Amino acid sequence: MKVEDYFELKKQETDQSFAFLIEKCEHSQECPYGIKLCELDFNKTTIVFLPGTADEKNVLRLSNGLLKKIDDFVFNICHFEPKDVQVCSAVCHLGKYFNPNMARRLLYLYYKDYGSYSHLMQNFSQVEVCEYAIPSYADNLYEQLIFPRLFDEKNKLLPFNEALKRMQKLVVITYCHGAYTWMKMEEHLPLLFMKGVYSRRQKKRLLKSITVLAYSPNCPLGYSQTKFISFSSASDLSIQHGNGFVRYVHRNMFVKDFALSYLSGKLGRAFYCAQYSKNGVEGNPRVLRAVDPQVWYENLHHQSAKARKSYISEHDFLGFCPYPNMSKAAFKMQRIAMCVLEGVIGNSIAKKPQNLSVFCLTGGFAYNFWSFQLARIKGLTIILRYYWWARKPHRQSFADNVNFVSLD
């Protein structure tokens, strides 16, 4: 069945959200866009991409476009073999009862202000509460990607060594709302904490065996129990991380150039640069241009491929190829992200995968050593300044007064 036909059929079957996986294939009459429904092979390393939101007409096109970039990086740039690695992307339909802006707000409140979260949840119908608590589409992805790695055909938990072997072969790449999707998938994992099944150390090891590379993640950072590594622009005010970093550097309308920064541990394992664009940083003049809102909206989903490659905005997918207007710090961060992804895949297909630190994944002593060390020092300096600055409750940031909604 064609992917497009399957998508339409699923929309007719339910009003709730749903998701399925696609992978690249040869173009044919059955697969005119070079994609097909994905059948996972758990003997291979699975690289799954969790995309951001898009309007219903463009979900497949945008998922396919980003899948192409990742597929090209894995097989043509890093030269991994298809017999070892499988690349797929989730196609997510959010349904009638799921509002992504509200969902992300609820997730933020769940971790940062549970009282407000509980109060807000009382305003929804039962079906909406179910979708926001555990979205059906995230449940679909959990059933396809994680459940078979932990349970056998009789729904019994696998022995630890077998489960670990399967979990080590899962690599997740997210963009924007995709980070929310992963957090909701991860909420299924308390099943691991059933008494008498795995030891505490084994549970922690299973979770840390999954690496998540999050580009411009729109979720609170530092709460995932997996190896969750983030890459963001500090000038992207459409995201909320809850660690105070963006709030501090955005005390004024524009972020002062701080080069590349890294926050470790519970602050999110997050890499930040001042801007993806070099406009106004690194000694470049700041150029402001007027935008006609009507023209911008009309062209929102109709830009040519050439136009898309010519520039990068602060909330774009950082990708694997430099953009002409990219800042030096963004280029360094892109290079580090590529190094991390290549290292994670290489480790996952090894005979004896190791539990590598972020330092090792970024290149260790061989590559990006000084970039990583300077970024860590810069990040620590900024976050300490934030804690001192935030001691006075009257202090406000420009970021506190900016709200974004997605036009899906």
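Student: What makes β1 and strand β4 (residues 85–93) count as a pair?

Tutor: The two run antiparallel and share five bridges. Strands pair if DSSP finds at least two bridges between them, so five bridges make β1 and β4 a pair. In that pairing, Ala 19 has Cys 92 of β4 as its bridge partner. Strands here are DSSP runs of E, at least two residues long, and helices are runs of H or I, at least four long, both numbered from the N terminus.

One caution before we go on. This is a predicted model, where local features need pLDDT of at least 70 and side-chain atom pairs count only at pLDDT 80 or more, while totals for chains, interfaces and linings use all residues. Residues are numbered from 1 along each chain as its sequence is written, and side-chain values use heavy atoms, with hydrogens and water left out.

Student: Why is His 188 called buried?

Tutor: Buried means under 20% relative accessible area, exposed means over 50%, and partly exposed is in between (1.4 Å probe, protein chains only). His 188 comes in at 15%, so buried is the word for it. His 188 sits in the loop between α9 (177–186) and α10 (200–208). Setting aside neighbours within four places in sequence, His 188 is in contact (heavy atoms within 4.5 Å) with Ile 134, Asp 139 and Tyr 142.

Student: And how do you know that Ser 116 is partly exposed?

Tutor: Its relative accessible area is 30%, which falls in the in-between class, so Ser 116 is partly exposed. You'll find Ser 116 in helix α4 (residues 114–121).

Student: What makes strand β5 (residues 170–175) mostly covered?

Tutor: Six of its six residues are buried. In a regular strand, side chains alternate between the two faces of the sheet. On one side of β5 you have Leu 170, Val 172 and Thr 174, and on the other Val 171, Ile 173 and Tyr 175, all buried. β5 runs parallel to β3 (residues 45–50), with five bridges, and Thr 46 stands opposite Leu 170. Five bridges also join β5 to β6 (residues 211–215), again in parallel, with Tyr 175 partnered by Tyr 215.

Student: Why is the contact between Arg 247 and Asp 400 called a salt bridge?

Tutor: The term needs a side-chain nitrogen of Lys or Arg within 4 Å of a carboxyl oxygen of Asp or Glu. The closest N and O atoms of Arg 247 and Asp 400 are 3.0 Å apart, so the pair qualifies. This pair links distant parts of the chain: Arg 247 is in helix α11, Asp 400 is in the segment after α16 (369–389), and 153 residues separate them. Arg 247 is partly exposed at 24%, and so is Asp 400, at 31%.

Student: How many salt bridges are there?

Tutor: Five in the structure. Among them is Arg 166 with Glu 162, at 3.1 Å, N to O; both lie in helix α8 (residues 160–167), four residues apart, about one turn of the helix. Another joins Lys 184 and Glu 187 at 3.4 Å.

Student: Which class does Lys 184 fall in, buried or exposed?

Tutor: Lys 184 is at 6%, under the 20% limit, so it counts as buried. Glu 187, at 23%, is partly exposed.
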